[in-house]
Amino acid sequence: MPSVCVVGAGVVGLTTATLLQEARPGVRVTLFADKFEEDTTSVGAAGLFTPGAMFRGPSEDVTWRWLAEGFAYYKRLLQSPEADEAGVVELSGYKLSVNDPGHVRTPIESLTEFRLLTPQETRTFNGDWKYGSFVKTLLVENQRHLPYLLKKFRRNGGQVVKRHVTSLEELADEFDVVCNCSGLGARVLCGDRDVVPVRGQIFQVKAPWVKKFCFTDQDAYIIPGIDHVTVGGTRQFDNSKLEVDKFDSRAIWEKCTSLMPSLKDAKVIREWVGLRPHRHVVRVESEVITSKRGKPTHVVHNYGHGAYGVMGAPGTAMHAVRLALEALDAGTKAKL
Ligand SMILES: Cc1cc2nc3c(=O)[nH]c(=O)nc-3n(C[C@H](O)[C@H](O)[C@H](O)COP(=O)(O)OP(=O)(O)OC[C@H]3O[C@@H](n4cnc5c(N)ncnc54)[C@H](O)[C@@H]3O)c2cc1C
């Protein structure tokens, strides 16, 4: 039986692993990770589907395909009986900018409801906002979505191994194809210095009266999820401090309560920090490595999603799965 392993149990690894099982049910899939669910970066993401300029594939066409296929994937889940368990909901809200009309546009305008706000409407928000838009999009709450994917992976016969992987070569002897979905771990696992942590600090609060998201270009965003509202946040390049920083807490709280004063009455559930695995171009590509015992093996990389991993997971995973199946088929032909 052909075998593939996936390194990484964040949203990218789990989506890749489950889509691989669906695409080729005859393949044995094993998942390796040293962190699961609560301990991953993925778990704290707000999960909003709002592509920004920093989400990039190797070309405009590929980026667009990832977005369109990803949006369609989550839309299908939303319209299925699994939507609640998978943590997928529809969410509308506003994008605001102090001086950049481009910030309030979105590449998914043609896929959803979108309109620019009038200057009068924009002035109804507290602050010096000059441009605004209304967008209807999707939100994927990873506190539900990761367990949903892991359960689905196991139900489809996948094996889960909790282990720190020290090199991809050590797995290459055992498997026909290795999928590398290690996020920030790729910095060490494949020596990719282009992967850089972008530190994000947020509050999770109870504020059930907040029904619409508000996303600004001033490091202030308010995103209502299913079980809590995310109030953030920082975007600190090449900063890997995992502890909550009291100065950041003050700045986030001040900016967000000035944007939405009713948040002052919200109950804080927790503060959280995550390191986004940023790469100038998300890496989805195949390479051949030599295993410890000298066997040439295909590695399919899928990492570097930065601030867009939840949104970007399905589209990039579909791409990675196509590359993994091509590698498997090429290996089968070579054996014949
Ligand atoms: C504050 C904040 C808000 C965010 N909001 C959004 C949002 O609204 N929308 C959106 O789309 N994205 C958002 N993101 C970004 C998103 O969280 C990330 O892009 C995404 O989680 C990356 O997923 P991943 O699976 O690549 O990485 P991770 O979740 O970090 O998972 C990596 C996995 O690889 C494993 N691993 C790594 N190295 C090894 C090794 N050597 N051996 C074994 N296992 C290994 C880890 O154990 C882990 O299981 C946000 C991020 C932050 C910090």
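Tyr303 sits in strand β14 (residues 296-305), strands being DSSP runs of E at least two residues long, and helices runs of H or I of at least four, both numbered from the N terminus. This is a predicted model, so local features need pLDDT of at least 70 and side-chain atom pairs count only at pLDDT 80 or more, while totals for chains, interfaces and linings use all residues. Residues are numbered from 1 along each chain as its sequence is written, and side-chain values use heavy atoms, with hydrogens and water left out.

**Around Tyr303**
- Tyr303 is buried because its relative accessible area is 1%, and the cut-off for buried is under 20% (exposed is over 50%, partly exposed in between; 1.4 Å probe, protein chains only).
- Setting aside neighbours within four places in sequence, Tyr303 has contacts with residues including Asn180, Ser182, Gly183, Arg279 and Arg283; a contact here means heavy atoms within 4.5 Å.
- Cys179 is 124 residues from Tyr303 in sequence, yet their C-alpha atoms are 9.9 Å apart in space.

**Around Ser3**
- Ser3 belongs to strand β1 (residues 3-7).
- Ser3 counts as buried because its relative accessibility is 4%.
- Beyond its neighbours within four places in sequence, Ser3 contacts Val27, Arg28, Glu174, Phe175, Asp176, Val177 and Leu328.

**Nonpolar cores**
- The largest nonpolar core has 53 residues, and Leu31, Phe49 and Tyr74 touch the most other members; such a core is a set of buried Ala, Val, Leu, Ile, Met, Phe, Trp, Tyr and Cys residues joined through side-chain atoms within 4.5 Å.
- Helix α9 (residues 309-335) gives this core its largest share, twelve residues.
- There is also a second, separate core of 20 residues, with Phe125, Ala207, Ala220 and Val229 among them.
- Not counting residues up to four places away in sequence, Tyr74 touches residues including Val11, Phe49, Val88, Leu138 and Pro314.

**The whole chain**
- The protein has nine helices and 14 strands.
- Its radius of gyration is 20 Å, close to the 20 Å from the globule rule for 336 residues, so the protein is as compact as a globular protein of that length; the radius is taken over C-alpha atoms, and the rule is 2.2 Å times the number of residues to the power 0.38.
- The C-alpha trace spans about 70 × 40 × 35 Å along its principal axes.
- Of the 336 residues, 54% count as buried.
- Looking at contacts between residues at least 6 apart in sequence, 76% join residues at least 24 apart.
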